[in-house]
Amino acid sequence: MSTRKHTALPKARILIEALPWLTRHNGKIVVIKFGGNAMVDEELKAAFAQDVVFLRQSGLRPVVVHGGGPQISAALDRHGLVSEFKAGLRVTTPEAMDVVRMVLAGQVQRELVGLLNEHGPLAVGMTGEDAHTISAVKHRPRIDGELVDIGRVGEITAIDTGAVEALLADGRIPVISSVARGADDGRIYNVNADTAAAALAAALGAETLMVLTDVEGLYEDWPNSDEVISRLTATQLETLLPELSSGMVPKMEGCLFAVRNGVTTARVLDGRVPHSILLEIFTDEGIGTMVVPDGQAPGARAHERDIVRTHTEGEGAK
């Protein structure tokens, strides 16, 4: 064997490892919540855009949902507005809502669309208010037994997938900012991006919801251990929810909602790892925490790998 052939062989093996996953996910919708360090680190942003374009060019149909917490806080500070949080949610006054809308749709979204479109005319930006894609009512969290007014923060009531499906049918990558139209008052509301991504994944009948964050996944016994739970069922996750840190709650609640409403798997990934999306969806090991509907036995990633290979072989026999 020549040196050239020998050095190329590992690359071929990597591509072959991805084959059953490509077969399984071909044509399926994947909703990705873009957040955490991946939103502010230039190299990670570029890697994220490459991953999403790779999914699209590999036959999947990605949909990106994003928030913009760090960028919003910085913009509020520049405008002399205080960043305040209650019950883990940003208090959003009418003045703050103007800044939130401007940052999400005019800064974060445009930058991400630009990165994706470096690879071709693929991405189209929109907000949840466009075509009534996301509708919401005013959310009043309960703190110490009392309902609290936190301003223009919305609780999602409905999803209209028409505009998103039209973009997907045209081969585009929708990039959606997490703001919503008021279902009863026509106002614009700030909605949690994790919640929005989960609601969209369920409404679109997505194969997978992927949530990028700044941790490796869901830890088995944090802070006593940094062992990551590789895979768990919806009921197991529901049992763990009361013990989770406030930052992980909306992400894991979103995963729970997704798998209980028709999404095949929901995954929390470490967005600090370059190309974490490809590592999670196209390799045997995976790198994050996967949540599956009840009825699928918990265990190692090998269980899903076996399902994929059986599924692929079955398709090949037809």
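1. Val 65 stands opposite Ile 176 in β10, and this belongs to a parallel arrangement in which 3 bridges join β2 (61-66) to β10 (173-177); two strands are taken to pair if DSSP finds at least two bridges between them. Strands here are DSSP runs of E with at least two residues, and helices are runs of H or I with at least four residues, both numbered from the N terminus. The model is a predicted one, in which local features need pLDDT of at least 70 and side-chain atom pairs count only at pLDDT 80 or more, whereas totals for chains, interfaces and linings use all residues. Residues are numbered from 1 along each chain as its sequence is written, and side-chain values use heavy atoms, with hydrogens and water left out.

2. β5 (123-127) also pairs with β10 in the parallel sense, over 5 bridges, and Ala 123 has Ile 173 of β10 as its bridge partner.

3. In β10, 5 of 5 residues are buried, where buried means under 20% relative accessible area with a 1.4 Å probe, counting protein chains only. Ile 173, Val 175 and Ser 177 point one way from the strand, while Pro 174 and Ile 176 point the other way. In a regular strand the side chains alternate between the two faces of the sheet.

4. In helix α5 (residues 162-169), Val 164, Leu 167 and Leu 168 are buried. These residues lie on the same side of α5 because they cover an arc of only 100 degrees around the axis, the arc being that of the directions from the helix axis to the C-beta atoms. Their cover includes β1 (29-34), β2, β5, β10 and α6 (193-204), and α5 is followed by Gly 171, whose phi is positive, near 80 degrees.

5. The largest nonpolar core has 42 residues, and those touching the most other members are Ile 32, Phe 48, Leu 55, Val 64, Leu 116, Ile 277 and Phe 282; such a core is a set of buried Ala, Val, Leu, Ile, Met, Phe, Trp, Tyr and Cys residues joined through side-chain atoms within 4.5 Å. Among the elements that give two or more residues to this core are α4 (94-117) and β10, and α4 gives the most, with 11 residues.

6. Leaving aside residues up to four places away in sequence, Leu 116 touches several residues, including Leu 122, Ala 123, Ile 173 and Val 175, with contact meaning heavy atoms within 4.5 Å.

Note on methods: Buried < 20%, exposed > 50% of the residue type's maximum accessible area, 1.4 Å probe, protein only.
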